[in-house]
Amino acid sequence: MNAVASDATTAWLALTKPATIAIYAGSACLALLSIALFVIAVRRMLRREVQLVAHMLDRYDERLASFAQTLNDALQAPRAAELESVVEGPDALDANRTLLRALELAVERVGADGAMAILSSRSGPPTLASIRLSHEEASHVARIGFPDYHGARAIQVSFGGETAPPGGTAPIRSGLFLPLLGDGAPPSLIAVLTRSADKRFTDADIEGLQGIVAEARPALELAVALREPDPVPALDPLTELYDRQSFGGILDREIARARTGRYPLSLLVADVDRLTTINARIGRLAADNVLAEVAGLLREATGREGLPSRVGGGRYAILLPDGEPQAAERLFTRLRGALAARIGGDEGSVSVSAGVAQLTPTDDAGSFVARANAALSLAKQAGPGTLANGSVTGENQGSGLSRFTE
């Protein structure tokens, strides 16, 4: 019996051995096929990546070549484009009208064929205005620069007709140049130009132009004083508001503009309540996220009305040009409402207290900020979510408190 069983087992093994070998062989073939397909796929992917990189490099070369050509054209072209700016600042509209009106009067006064004016600033491009001149003519006259008068009231400059005039007209032959701004101001000029080779400017022409300049000068000097470029403010990396250093430059600039333009300027200083407790409860990194969120809500509440900065820790300063203290109070109300509506986490509810001050004739930057900080201190003493309005009445300084509650 055992012999029969052994023979059956041997026969079964003899039958299954070829099948097992076939399975192993099939598996090996499938493995080799998978490897081959994987290699093909990788090669195709690498080939596609190479093609994509080559295409990107070609596009980069094209753009670089285009940029180089544009830069070369700009360097070779006349610099008139830099001069064709306008006066900027709070009184820009009046200054531009004054400048163009002065040119019109100058042309009529001396019987000239065209006129132009250049106002430079201590930094940044100058302003050029012209009437009855082609672009090329204005550019050519501007490239002459500012004449050295050597104490003379005016100077006459002759031209050789180098620039092509507008169709049907003669080229510019000569011009009479006078300073446009007073002593101590950036270089400037006003020039009346003629296309007649026989035109000679007289003392009466000079006196007439001096009268026109005298009337235009106050408005133009005011505009030039306000044309100094704004500082390039740096942003606080956490809140993306202006940082503390930038706030100082912006504050000086806005005080000068408010004084010159005779408009109000308010400062709101807000501080996150119980920031130390928040730090202890959720940790510094999580608290930083809260400060960034408060800054975002502050930015939304401020809109285009003010200039918000982070001046340290959980403290923010918002300048409101042309803003009365009531505007700062409305801003605080919007911010407080946004904070009340937020969904808090482990930090719990978040509130801010604030102090507001308005610029006075006797303020400098230090006293202005000090009054706002003093009002903030009073608000902190009164409790979270409080606004203190620092005001000056006569010789006595006081603060009105407004508590905002749910």
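Author: A residue is called buried when its relative accessible area is under 20%, exposed when it is over 50%, and partly exposed in between, using a 1.4 Å probe and protein chains only. This is a predicted model, in which local features need pLDDT of at least 70 and side-chain atom pairs count only at pLDDT 80 or more, while totals for chains, interfaces and linings use all residues. Residues are numbered from 1 along each chain as its sequence is written, and side-chain values use heavy atoms, leaving out hydrogens and water.

Reader: Is Ser309 buried or exposed?

Author: Ser309 is buried, because its relative accessible area is 1%. Its place is in strand β7, residues 307-312, a strand being a DSSP run of E with at least two residues and a helix one of H or I with at least four, both numbered from the N terminus. Contact means heavy atoms within 4.5 Å, and beyond four places in sequence Ser309 touches Leu241, Tyr242, Asp243, Phe247, Arg315, Tyr316 and Ala317.

Reader: Which residues have the most contacts inside the largest nonpolar core?

Author: A nonpolar core joins buried Ala, Val, Leu, Ile, Met, Phe, Trp, Tyr and Cys residues through side-chain atoms within 4.5 Å. The largest has 28 residues, and Leu268, Val272, Val294 and Tyr316 have the most contacts inside it. Helix α8 gives the most to this core, with eight residues.

Reader: Where does pLDDT stay under 50?

Author: pLDDT is the predictor's confidence in each residue, from 0 to 100, and it stays under 50 over residues 70-91 and also over residues 392-406. Where pLDDT is low, the predicted coordinates should not be read in detail.
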